[in-house]
Amino acid sequence: MSEAPPLRIALFTLESLASAGAVRAFVEAHTAELVLIGRSTPYRAVAGGAFGQFWRHMRRSGVRFLPYLYVNFVLPSLVARIRGQRGLAEMARARGIALLEVEDVNAAACHAALRAARPDVILSFHFDQIFTLETLALAPLGGVNVHPSLLPRHRGPIPAFWALQEGLGATGVSIHRIAARIDAGEVLAQRAHALPAGVSASTAARLLHEAALPMISEVLRVLAQGEAKGASPPVLPYCGFPSAAEIRAARRQGVRLVRFADWRAALGLR
């Protein structure tokens, strides 16, 4: 059988310490296939803006959640600006890849960008917005998502935190089709990935996103060949952002959202 031509990929992501290194590596490896990069606007008005999001996290998760947000989202961008480091936007421009700042992935502006780019597939790689079926239909092969957990366990936005409470053997990566229900689509690839003892949820997320890279390439190859087959897992409970009480309970188990190594990583001192 002759090799199928590579897919045209629309990549959607949110810049954060948890995935930035893996996303950059993916862009470097797949520049020729990328026709669009959609970068989520973190403090978008539709999500409540910076203050609205801060207050929502505070009310639900308490002050112990703030270092996680600061280390993963705020500090890396501040350091990059101070040092004049190139971010995802500059990387896209240097490679001639169209970049879209995404306020609402299901709005007319994003739909127009997808129609212009004509991707075969949408790849969600640590993206914080929910695709509607109408948006997914703009790519003939729909969408696939990289999720750093062993689905159907730990559906939701911070799976490493929940997986670490079950023990290090509970960690891994899944790549699944994007469906109407969050993190519940057909699983195309899955692999357990052991982590070093004592890692934080932040470090776990970085390591798991990096471990996903060869899996993504293989899934894209199989999709291009038209041979992608997966399994539809049962839908287990959704694991959202933790409450303040759940963070305290995790600390009693020795599970931390952030450790000293994460501060060093955010400062570029790894």
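Predicted model: local features only at pLDDT ≥ 70, side-chain atom pairs only at ≥ 80, totals over all residues.
Q: How many salt bridges are in the whole structure?
A: A search finds eight.

Q: What does R39 pair with?
A: R39 forms a salt bridge with E101, and the closest N and O atoms are 2.3 Å apart. The pair links distant parts of the chain, with R39 in strand β2 (residues 34-40) and E101 in strand β3 (residues 99-102), 62 residues apart.

Q: Which residues make up the network that R39 and E101 belong to?
A: E15, R39 and E101 are linked in a network of salt bridges.

Q: Is R39 buried or exposed?
A: R39 counts as buried, at 17% relative accessibility. E101 is partly exposed, at 39%.

Q: What about E166, where is its partner?
A: E166 meets R153 in a salt bridge, 3.0 Å from N to O. R153 is in the loop between β5 (143-147) and α7, while E166 is in helix α7 itself (residues 159-166), and the two are 13 residues apart. R153 is partly exposed, with a relative accessible area of 31%.

Q: And which residue does R177 meet?
A: The side chain of R177 meets that of E186 in a salt bridge, also with an N to O distance of 3.0 Å. R177 counts as partly exposed at 25% relative accessibility, and E186 as partly exposed at 24%.

Q: Switching to cysteines: how many disulfides?
A: The structure holds zero disulfides.

Q: Is C110 buried or exposed?
A: C110 is buried, with a relative accessible area of 2%. C239 also counts as buried, at 18%; the cut-off for buried is under 20%.

Note on methods
Residues numbered from 1 in each chain as written. Heavy atoms only, no water. Disulfide = S-S within 2.5 Å. Buried < 20%, exposed > 50% of the residue type's maximum accessible area, 1.4 Å probe, protein only. Salt bridge = Lys/Arg side-chain N within 4 Å of Asp/Glu carboxyl O. Helix = DSSP H or I, 4+ residues; strand = E, 2+ residues; numbered from the N terminus.
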